[in-house]
Amino acid sequence: MTVKHGRVDLTRGRGAGARPYNRPMLVLGIESSCDETGVALYEGGAGGGRLLAHALHSQVAMHAAYGGVVPELASRDHIRRVLPLTRHVLTASAKALADLDGVAYTQGPGLAGALLVGASVANGLAYALGIPAVGIHHLEGHLLSPLLAEPAPRFPFVALLVSGGHTQLLAVEGVGRYQLLGESLDDAAGEAFDKTAMLLGLPYPGGAELSRLAETGDPLRFRLPRPMLGSGDLDFSFSGLKTAVLTLVRKHARAGEAVPPELRADIARAFQEAVVDVLAAKSLAALTISGRRRLVVAGGVGANKQLRERLRAECARRGVELFFPPLELCTDNGAMIALAGALRMGAGTRDYAFSIRPRWPLGELLTPR
Amino acid sequence: MHTLILELPDAAATEAVGRACAPALVPGMVVTLSGDLGAGKTTLVRGVLRGLDISGPVKSPTYTLVEPYAISSLYLYHFDFYRLGESEEWEAAGFREYFRDDAICLIEWPERAGAFLPAADLQIGLEITDDGRRCTVTALSARAEACLTAIAHQGTAAR
């Protein structure tokens, strides 16, 4: 369990369309869409907002740089954790249930059973306290989570969301105003790292280990295809790289034997070069197309050293501001849900509907240009 | 019980198998897909979805464990149980509730769910070969025979 405290100035990050807060608003956020249970308390006010406390139940969150966590899927586990975590964040910030102004929960997408736990607790609490329950799109949470970082990016910005579960480019104009620019049509980038690591004989999830190996590899020995680099749009496809890596392994390693370390490093390097090339090129194209000057890279793959170095160099050359929010804000957590809830409530959302949406296209939140 | 073996030269051929099989799938059917990483399991599922007129991204459910699709009055669930640690997790996560009469279930890494998984109608195996993929399709129920027939008649060289 981790507990974090921090201050954020939200006035710098708030969209032009959002209504200013009348008074500090205390919002409890609950995330239970997949493996991890996260609960947080966020206080939004006229002078900005601040994360009072957040607690996460996950033994693996610190190790899983790419979101490929070992599942503890049981909805029962979420049930066991959510109330103790709630008590914990309240105690840690010296608040009581009666102080709450709203409860935000992840409404989807995610596993139905897991979502229902967060939704039930949030709606039960909200009903008993006579306050709103606000259902939040999981990805909206991820999109807004960079606002919890110091320094926080100002709107508008382009977000590259790259993790084990997502690879998306979005134009973020303000709270509730997002435009999907491109996404992966199959595997997420982090997933491709984890799976390629497996093909090279590393234990799952081995994406982070693969990146370390790649640093020692020869960048010139192999060249893998850059999927969809010339597709003329901002979509990605990483699934085909698996076959390309498999072909290399079959050609250069003996069948049934472990891939030799040097070959492993060289293939890892070739793979990483390909992924970084595509992610960087499409991110820069997204900035050009949307005419934005700020890039926020969220998600576990954002920790990749080579991707960071490449984007730093390219953004510096173009005079683009670049943000890498801390990794702990990029994993699934309650803080982003509490924040999104506070911002949504600040913008006037009042939603008492009790529902979950296991499959919820982000497109439904997006605003056409 | 009948088995069909196909040699698939590329990903397009793998997708074509799924596409051919799609119209023969009926609600309540359980289809398992076995094969190593990169063998084309998700590619074949993409073919099934395209055959059912579902466009848009077809993501591997490795991370999410299940990707649900709604097709008019029925549901299609695409599972990936690779990340299941113990087969008991399958029961604990509530996956049994997805296996209904109005749902088609396609399952990658079925072995991870062990004995908990409802009996399969159709088993699809994908094996990586020097020339592409070898696909082995086995019908385990009467209603699955139609899938076999549909796949056999799609024009890919069967042997």
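The model is a predicted one.

Contact between them involves 20 residues of domain 1 of chain A and 28 residues of domain 2 of chain A. The area buried between these two domains of chain A is about 2,000 Å², and carbon and sulfur atoms give 71% of that area. One residue pair is in polar contact between domain 1 and domain 2 of chain A, with both residues at pLDDT 80 or more. On the side of domain 1 of chain A that touches domain 2 of chain A, α3 (138-144) and α10 (334-346) of chain A each supply at least two residues. The largest share of that side, six residues, comes from α3(A). Sorted by class, the side of domain 1 of chain A that touches domain 2 of chain A has eleven nonpolar, six polar and three charged residues.

Chain A as a whole has ten helices and eleven strands. Of its 369 residues, 62% are buried. Among contacts in chain A with a separation of 6 or more, 76% are between residues 24 or more positions apart.

One residue to look at in detail is R269(A), in helix α7 (residues 261-290) of chain A. R269(A) has a relative accessible area of 17%, so it counts as buried, the cut-off being under 20%. Its side chain makes a polar contact with the side chain of E273(A) at 2.8 Å. Leaving aside residues up to four places away in sequence, R269(A) touches A214(A), E215(A), G217(A), D218(A), P219(A) and Q306(A).

A cis peptide bond joins G108(A) and P109(A), with omega about -10°; P109(A) is in the loop between β5 (102-108) and α2 (112-129) of chain A. Another cis peptide bond, between F155(A) and P156(A), has omega about -5°, and P156(A) lies in the loop between α3 and β7 (157-162) of chain A.

A94(A) is not a glycine, yet has a positive phi of about 55°. A94(A) is exposed, with a relative accessible area of 69%. W109(B), also not a glycine, has a positive phi of about 55°, but W109(B) is buried, at a relative accessible area of 13%.

Definitions and conventions:
Residues numbered from 1 in each chain as written. Chains lettered and ligands numbered in written order. Predicted model: local features only at pLDDT ≥ 70, side-chain atom pairs only at ≥ 80, totals over all residues. Heavy atoms only, no water. Contact = heavy atoms within 4.5 Å. Buried area = accessible area lost by both parts, 1.4 Å probe. Polar contact = N/O pair within 3.5 Å; in protein donor to acceptor, adjacent residues only side chain to side chain. Helix = DSSP H or I, 4+ residues; strand = E, 2+ residues; numbered from the N terminus. Nonpolar A, V, L, I, M, F, W, Y, C, P; charged D, E, K, R; others polar. Buried < 20%, exposed > 50% of the residue type's maximum accessible area, 1.4 Å probe, protein only.
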